[in-house]
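Hi,

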Amino acid sequence: MSKPSIAIVGGGIGGITAALDLLRAGFDVQLYEQTPQPIEVGAGLVVGPNASRQLIRLGLGEELSRIGVRPTSFHQRRWEDGRTLARSRLVEQVETLFGAPAYVFHRGEINAVLVDALPKERMHLAHRCVGFEERGDRVTVRFENGAEIEADVVIGADGIHSVIRHQLLGKERPRFTGCIAYRGLIPIERVAHLDIEVASTNWMGPGRHFVHYPVASGRVLNFVGLVEQDNWIKESWTEPGDLRDLAALYEGWHPQVQAIIAAATHTFKWALLDRDPLPRWSFGRVTLLGDACHPMLPFMGQGAAQAIEDAATITACLLKHGNDMEEALKHYEMLRLPRASRVQAISRGNLTRFHLPDGPAQQQRDADMATGTTDWSPQSIAWLYGHDASLLPEPA
């Protein structure tokens, strides 16, 4: 008996990874992407071992090593004097404990690796979804270009503005977090004099923090400045920012932070909007994946990783349940929704914790971090990094 046909709406990292996983498992998969070219916007991207192990299983390990950087540590530092608050040794600890590396990538480069791995006949560009209809044991998806397709299962991987989610659950009103992000990329030679370590560094201070790490095989430094602000109207990755504004926001911070900003030639800014976890993801033969169902703030470095986990788990569930599509999608939701919601909640909490004003609460946070049992320490992160999303737990 042939395996079911699956249509994936959305060709970002989560959607393409799901297509690769499902094809490897023998399913008939077609992917539909709204853009004319599969270009991923953004800059830096963290992929922890919970996700890298899945990509390595897809045969992408050599390419990941070629384009990625393995940061030596997650280094948490104080905003003014640069004092180390916590440091987790990634290369030594993470790979030994969890069996897979932690990487940082340029988002466009990892997206290109995924696109190249997917057979071209499986990706259909310039297909903007406008709606779907479930009829018995088939789902029809309609596109803006007039095309219609049918499949046994539809996976909505169409991002934060998901058409599939809106039809299933209605439109939501995301909340502005009071925080905006300035991001940029700097050729590494422009900051060579700063002797920046090959680490993922997070400088924490009152009302803001600043993150930087190398990407693109170490040729480029990615930075993000996250700053509290009263209002914002756009949710965009490509709104131009003013470097003079950014420099003023970090006046008085450690000289290395100020020097990184001074070395930048451009920046973009975007609003951080927050959404509560959804009550459910799966409806009949239609389900959601990645940002379409669990968009999260970037304070755990897990947005893409959780989408990659989704891809592994939905493949395992569809394999387990044979032709019972609805049961497979219910099982997928049961396993994934609580975990992704937990990551969402921790990411939300880190917005407050990273931005504590100097005082008793900040001092207690720093003391807790110094114990090595919080944040990115191996003890506290094992539930996240040690998880294998392709393995289904045995029934209790």
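Predicted model: local features only at pLDDT ≥ 70, side-chain atom pairs only at ≥ 80, totals over all residues.

I started with the nonpolar cores. The largest has 66 residues, and the members that touch the most others are Ile6, Ile8, Leu55, Ile110, Ile164 and Leu318. Helix H8 (residues 303-320) supplies the largest share of this core, eight residues. There is also a second, separate core of 32 residues, with Ala86, Ala102, Val104 and Val220 among them.

Leaving aside residues up to four places away in sequence, Ile6 touches Leu22, Phe27, Asp28, Val29, Gln30, Ala151, Val153, Ile155 and Leu318.

Next, the helix pair. The axes of H1 (residues 13-24) and H4 (residues 107-117) come within 10 Å and cross at roughly 30°. Angles under 35 degrees count as roughly parallel, so H1 is roughly parallel to H4. Their crossing is left-handed. On the H1 side, the contact is made by Ile13, Ile16, Thr17 and Leu20, while H4 brings Arg107, Ile110, Asn111, Leu114, Val115 and Ala117. By type, the residues of this contact are seven nonpolar, two polar and one charged.

Finally, is Thr315 buried or exposed? Thr315 lies in helix H8, and its relative accessibility is 6%, so Thr315 counts as buried. Beyond residues up to four places away in sequence, Thr315 touches Asp21, Leu22 and Ala25.

Best wishes

Technical notes. Residues numbered from 1 in each chain as written. Heavy atoms only, no water. Core = buried A, V, L, I, M, F, W, Y, C linked by side-chain atoms within 4.5 Å. Buried < 20%, exposed > 50% of the residue type's maximum accessible area, 1.4 Å probe, protein only. Helix = DSSP H or I, 4+ residues; strand = E, 2+ residues; numbered from the N terminus. Contact = heavy atoms within 4.5 Å. Axes fitted to C-alpha atoms, helices over the stretch in contact; angles between N-to-C directions. Parallel < 35°, antiparallel > 145°, perpendicular 65-115°, else oblique. Left-handed = near helix turned anticlockwise from the far one by under 90°. Nonpolar A, V, L, I, M, F, W, Y, C, P; charged D, E, K, R; others polar.
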